[in-house]
Amino acid sequence: MEEGQGAIHQLNLRDRKTGMLTGIVDVISFDSQQILLETTQGMLTIKGKELHVSRLCLEKGEVDIEGMMDSLVYTDGGAYARKQKGSLMKRLFE
């Protein structure tokens, strides 16, 4: 699923313990305390305790998560993309 396809990003959270998300482009990283997702609306960082990705379907852009969620923060995806590509000097001399 590509960001440009206009997929709807939706987040359904129940009792801060289970979440169903759509519009997911990629799962960047996850562990028991943090999940970092690339969504069609930017980067989403979920922090909490005993976090677990219970279902992942990137073809449909869907993710289900479980655990005690303490915070959900959206940031612009451009910063992550630029960081992954490396410094300007490195890109010039590749």
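Two strands are counted as paired if DSSP finds at least two bridges between them. With that criterion in mind, select strand 2 (residues 18-22) and strand 6 (residues 62-75) of this predicted model: five bridges join the two, and they run antiparallel. Within this pair, display Leu21, which stands opposite Val63 in strand 6.

Next, follow the chain through the hairpin of strand 5 and strand 6, where four residues lie between the strands. Select Gly61 in this hairpin; its phi is positive, near 75°.

Move on to strand 3 and strand 4 (residues 34-39), an antiparallel pair with five bridges. Display Asp26 together with Glu38, its bridge partner in strand 4.

Which order do its six strands follow? The open sheet reads 1-2-6-5-4-3, with antiparallel pairing. Strand 1 (10-14) and strand 3 (24-30) stand at the edges; each has a single partner strand, so one side of each is left without a neighbour in the sheet. Viewing the sheet along its strands, note that neighbouring strands are turned by 35° against each other on average, direction ignored. To close, display the backbone hydrogen bonds, since strands of a sheet pair through these, either parallel or antiparallel.

Key: Residues numbered from 1 in each chain as written. Predicted model: local features only at pLDDT ≥ 70, side-chain atom pairs only at ≥ 80, totals over all residues. Heavy atoms only, no water. Axes fitted to C-alpha atoms, helices over the stretch in contact; angles between N-to-C directions.
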